[in-house]
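User: Could you take me through this model, starting with how far it can be trusted?
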Amino acid sequence: MRNMLVAKRYSKALLGIISQKDEKEFLKEIKLLKKIVTKDCDFMDFINSKIIKSSKKMEMFDFVASKFSNYHIWKELFLILLEKKRQSVLPQIIEILEEEIAAFLKEKNETAQQNKEGKTI
């Protein structure tokens, strides 16, 4: 439960940044990151390992972030998670972000559709 509360705080901060950017692009990046985190057990084992140095973990995060158009935002998130030793909440952060952005985009599309229908009457 504690991890979920921590993940919600990080997600809320990211949503504040994302709302000023392209939400659809962020959603694509989140879905790709979700695949990496959920399908690649080695990735999560690597970033959660107590043996591997933080610098090596950051290199891995940097490599992943370099694949995204919002590189700096993802890199900063990864850096903060590593500094606070909270990289284990990454899957929950991704889950919350995916749900929140998908809901926001759905609402945005519904509003646009309603506005369109209102103008055609």
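User: What is the average pLDDT of the chain?
Analyst: The chain averages 86, and 94% of the residues score at least 70; pLDDT is the predictor's confidence in each residue, from 0 to 100. This is a predicted model, in which local features need pLDDT of at least 70, side-chain atom pairs count only at pLDDT 80 or more, and totals for chains, interfaces and linings use all residues. Residues are numbered from 1 along each chain as its sequence is written, and side-chain values use heavy atoms, without hydrogens and water.

User: Where is confidence lowest and where highest?
Analyst: Helix α1 (residues 2–18) is lowest, with a mean of 79, and helix α4 (residues 54–65) is highest, at 93. Helices are DSSP runs (H or I, at least four residues), numbered from the N terminus.

User: Which residues of α2 are buried?
Analyst: They are Glu23, Phe26, Leu27, Glu29, Ile30, Leu33 and Val37. Buried means under 20% relative accessible area and exposed over 50%, with partly exposed in between (1.4 Å probe, protein chains only).

User: And which exposed residues are on the face turned away from that buried side of α2?
Analyst: That face carries Lys24, Lys28, Lys35 and Lys39.

User: Changing topic, how do α1 and α5 cross?
Analyst: Their axes come within 12 Å and cross at roughly 160 degrees. The axes are lines fitted to C-alpha atoms over the stretch in contact, with angles from 0 to 180 degrees between N-to-C directions. α1 and α5 are therefore roughly antiparallel (angles over 145 degrees).

User: Where is Lys85, and is it buried or exposed?
Analyst: Lys85 lies in the loop between α5 (71–83) and α6 (90–120), and counts as exposed at 65% relative accessibility. Although Lys85 is not a glycine, it has a positive phi of about 55 degrees.

Technical notes:
Helices (H or I, at least four residues) and strands (E, at least two) are DSSP runs, numbered from the N terminus. Angles under 35 degrees count as roughly parallel, over 145 as roughly antiparallel, 65 to 115 as roughly perpendicular and the rest as oblique.
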